[in-house]
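Here are my notes on the model, point by point. Please read them with the structure open.

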Amino acid sequence: MIILGIESTCDETSVGIVKGGTEVISFVVASSAAMHEKYGGIVPEVAAREQVKCMVPVLKEALNGSSFAKIDAIAVAYGPGLIGSLIIGVETAKALALTLNKPLVKVNHLVGHVYANWLARPTDLPKFPAVALVVSGGHTDLVLMKKHGQFTWLGGTLDDAAGEAFDKVSRVLGLGYPGGPEIEKIAAQVGVGSQRKFNLPLPMINSGNFDFSFSGLKTAMVRLSLTLAKKDVPIAAFEFQDAVVKVLTKKTLAAAKKFNTKSIIVGGGVSASAALRDQLLTSSRKNNIVCFFPEKKFSTDNGAMIASAAYFNFIKINPLKLQSDSSLYF
Ligand code: KG4
Ligand code: ZN
């Protein structure tokens, strides 16, 4: 089965065409991230207008000259996200399903991030039970996945999401947007074994549950930035990144051990972080748990992950009944 997946929850307009949930036939992403850079964060109205502008050209490019005839179903991320952005993808998907007379499948964007791990991976797929860490600009959640589509929420952030903290800290350090890749780039100037300079908190690392908090760490960085010498920006970025990664790694592994899972699955924009990959892969290996990260290009928002999630969870919906849900959760 070939599914066309549409993603428009935030500042990426993306369409992916995926066969059998794993084989990516095509995938196109247009991002308005650069337009938000001068504001240090997303401006919802600008993001929504860019969605309108990009949706049809992105669809056309993903089809790559072929018709809709080969597409068996249309899938769309219907939440969570920015409402102005969301409705562009959802209404486009509804119109396509109705006019082409194809089934419409609704996908939770967060579930989509988990399924990024099935893309371009025909064998050695994640095994259940699995614990999934969804770590993005808007979310930081740990969920237990007993089988396809069955998610039990274990815990999540009480305040800022990890990606959001990366974005805000990047801004106060005078770096660009999105913050994660900028902090990663400048932190790479610092050697892993180098002397610690700042005494940053490792929030809730020993809380004994699966909740997170990143706002205190963010505030510590804001305060530090007020007196920080320019030459110390790389070390501050490195230590901030390391603090976030340490907490994410420890809690994810603790969840996997508590529920005796066969796999750890990581998804969402922050899963592009090389530091998170290194620490979590190393700790998982030591504990004989197989840890999965998506290919870097599938870490951030894309339509292919939506098509994959739809294949494994074929939740068909009447196009006339589907509505965008900006606060959808697990
Ligand atoms: O999943 P995503 O594309 O959008 C949401 O659903 O929010 O995630 C975007 C987030 C941003 O906060 C960005 O700073 C973060 O992912 N991110 C990273 C890296 N690449 C993207 N965070 C840390 N390290 C990275 N390399
Ligand atoms: Zn996302």
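1. Surface patch. M1, Y311 and F314 make up a nonpolar patch on the surface, with about 260 Å² of accessible area together. Patches take residues with over 30% relative accessible area and no salt bridge; like charges are joined within 9 Å, nonpolar side chains (Val, Leu, Ile, Met, Phe, Trp, Tyr) within 5 Å. Accessible areas come from the Shrake-Rupley method with a 1.4 Å probe, and for residues only the protein chains shown count as cover. F314 sits in the segment after α10 (303-312). F314 is partly exposed, at 33% relative accessibility. Buried means under 20% relative accessible area, exposed over 50%, partly exposed in between (1.4 Å probe, protein chains only).

2. Basis. This is a predicted model: local features need pLDDT of at least 70, side-chain atom pairs count only at pLDDT 80 or more, and totals for chains, interfaces and linings use all residues. Residues are numbered from 1 along each chain as its sequence is written, chains are lettered from A and ligands numbered from 1 in the order in which they are written, and side-chain values use heavy atoms, with hydrogens and water left out.

3. Ligand 1. The ligand is surrounded by 20 residues, and the closest are H113, G137, D167, G180 and G269. Near means a heavy atom within 4 Å. D167 places a polar side-chain atom 2.7 Å from an oxygen atom of ligand 1. G269 has a backbone N or O atom 2.9 Å from a ligand 1 oxygen atom. For G180, the corresponding backbone distance is 3.0 Å. The protein covers 91% of the 560 Å² of accessible area that ligand 1 has on its own.

4. Salt bridges. The structure holds 11 of them (a side-chain nitrogen of Lys or Arg within 4 Å of a carboxyl oxygen of Asp or Glu). R49 pairs with E45, the closest N and O atoms being 2.7 Å apart. Both lie in helix α2, four residues apart, about one turn of the helix. Helices (H or I, at least four residues) and strands (E, at least two) are DSSP runs, numbered from the N terminus. R49 is exposed at 55%; E45 is partly exposed at 47%.

5. Which residue forms a salt bridge with K218? D160 does, at 2.8 Å, N to O. K218 lies in helix α7 and D160 in the loop between β8 and α5, so the pair ties together parts 58 residues apart in sequence. K218 is buried at 17% relative accessibility, and D160 is buried at 8%.

Technical notes
A polar contact is a pair of N or O atoms within 3.5 Å; within protein, one must be able to donate a hydrogen and the other to accept it, and residues adjacent in sequence count only if both atoms are side-chain atoms.
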